[in-house]
Amino acid sequence: MHRRDIFVAADNVFSPLGTTTAENFANLKQGITAVRPHHDPNISPQPFFASLFGKDEPLIEKPGDYTRFEQLLIASVKDALLQCDVKPEDPKTILIVSSTKGNISLLETEEFSPTLQERISLNTSARLVAKHFGFINKPVVISNACVSGVMAIVTGMRLLRTGHYEHAVIAGADVISAFILSGFQSFQALSPGVCKPFDKTRDGLNLGEGAGTMILSASACYKDHPRVKGGGISNDANHISGPSRTGKELSYAINQSLKDAELDAGDLDFISAHGTATPYNDEMEANAISLSGLGSVPLNSLKAHYGHTLGAAGMIESIISVRSMEESTILPTIGFNEKGVTKPVSICTSLRQTKVRNVLKTASGFGGCNAAVVFGK
């Protein structure tokens with residue numbers, strides 16, 4: 001039986017670098033980073049580097065009772081929906097929300113109660129966003145650490161393949177709070193400057209805020225758009241925060257995504273890596289890429305532009321990868337100077353104009369989760 005083709009009907013990146021995908025991509029091509037020093041005692045007693053929205057910066061016209069997290073989702077979904085004919089009220093349309101922390105920051109400002117417990121639930125936020133746009137179907141929530149964004153895209157692709165749905169509106173977002181920042185500070189994972197993915201002197205990550213929306217469709221009216229060709233998910237069960245020592249499990253997810261896409265390693269033209277700039281993640285990822293026979297494929301990380309946007313990272317970086325493919329442009333990895341991983345990886349260090357037919361996006365996260373997705377023309 002012929003498998004359904006899944007197309008990228010529309011997208012949006014809403015970040016401190018811009019409120020549309022086009023604006024974000026233009027700034028990325030110019031090498032602009034949103035990561036800068038901050039000193040906000042409400043978030044941290046010490047100065048830190050991160051990519052944040054202005055505190056008083058309005059995210060939507062009528063915030064109402066929506067939290068900053070929900071406003072981010074609404075702003076991103078709204079722009080993406082304007083670009084296509086997908087209707088939220090269509091019974092064949094599903095909303096998928098991806099986040100790691102959602103409204104967890106409310107625990108810092110509100111007294112704990114059953115009402116607050118309900119309010120900080122990701123299901124509550126997803127329902128509020130669904131109601132705002134008039135989605136009929138109950139939304140799906142994906143919250144699996146830092147692979148949430150990529151996993152949401154793979155989930156959307158799989159749901160559309162079943163034929164049960166025709167369209168999937170997939171939105172990922174996270175905001176940075178004292179709770180989140182202190183967690184990363186507690187195990188000394190934050191860089192004291194702008195992060196340096198895969199570099200010999202890398203010393204940790206930066207955090208970031210943002211949202212991304214990708215609308216997938218099985219409708220033939222989008223047949224000239226890029227496609228989601230395949231995906232794979234794995235778990236290495238190595239440690240609550242430390243990644244696999246071998247990279248075999250991420251390699252498994254990569255290989256599964258290639259098999260699902262009916263492609264070989266040689267068919268890939270570019271890899272958008274997770275590339276957090278922590279010593280262990282980058283080494284593990286380089287191991288996995290090498291194990292999958294992809295050591296010579298051009299690779300970049302966008303973490304020095306956006307910081308690590310948690311549940312939005314896989315979404316934002318996937319959207320930028322698709323735009324890279326459409327514009328035949330591979331972005332450089334800013335912050336990288338000298339290779340600091342033991343396995344061969346081909347890090348892009350300058351803006352490269354080249355034909356891109358197939359792109360691999362990888363992600364890994366706490367608890368040993370790994371995900372990979374392939375996009376192609």
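## Exercises on a predicted model: pockets and backbone

α9 and β15 (358–365) each contribute at least two residues to the lining of the second largest pocket. The model is predicted.

**Exercise 1.** Describe the lining of the second largest pocket by residue class and by source.

*Solution.* 
- Start with the space: the volume is about 450 Å³.
- Next, the lining: 23 residues, with Phe 187, Ser 241, Pro 243, Thr 278 and Phe 366 nearest the centre.
- Find the main contributor: α9 gives the largest share, three residues.
- Sort by class: nine are nonpolar, twelve polar and two charged.

**Exercise 2.** Take Glu 262 and Ala 277. Where does each lie, and is each buried or exposed?

*Solution.* 
- Check the backbone: most residues other than glycine have a negative phi.
- Glu 262 has a positive phi, near 60°. Ala 277 also has a positive phi, near 75°.
- Ala 277 sits in the loop between β10 and α9 (279–291).
- Apply the cut-offs: buried is under 20% relative accessible area, exposed is over 50%.
- Glu 262 is at 67% relative accessibility, so Glu 262 counts as exposed.
- Ala 277 is at 0%, so Ala 277 counts as buried.

Technical notes:
Residues are numbered from 1 along each chain as its sequence is written. This is a predicted model: local features need pLDDT of at least 70, side-chain atom pairs count only at pLDDT 80 or more; totals for chains, interfaces and linings use all residues. Side-chain values use heavy atoms; hydrogens and water are left out. Buried means under 20% relative accessible area, exposed over 50%, partly exposed in between (1.4 Å probe, protein chains only). Helices (H or I, at least four residues) and strands (E, at least two) are DSSP runs, numbered from the N terminus. On a 1 Å grid over the protein atoms alone, a cavity is a set of points where a 1.4 Å probe fits but cannot get out, and a pocket is an open set with protein on both sides within 12 Å along at least five of seven lines; lining residues have an atom within 4 Å of a point. Grid points are joined across faces, edges and corners, and a volume is the space filled by probe spheres set on the points. Ala, Val, Leu, Ile, Met, Phe, Trp, Tyr, Cys and Pro count as nonpolar, Asp, Glu, Lys and Arg as charged, and the others, Gly among them, as polar.
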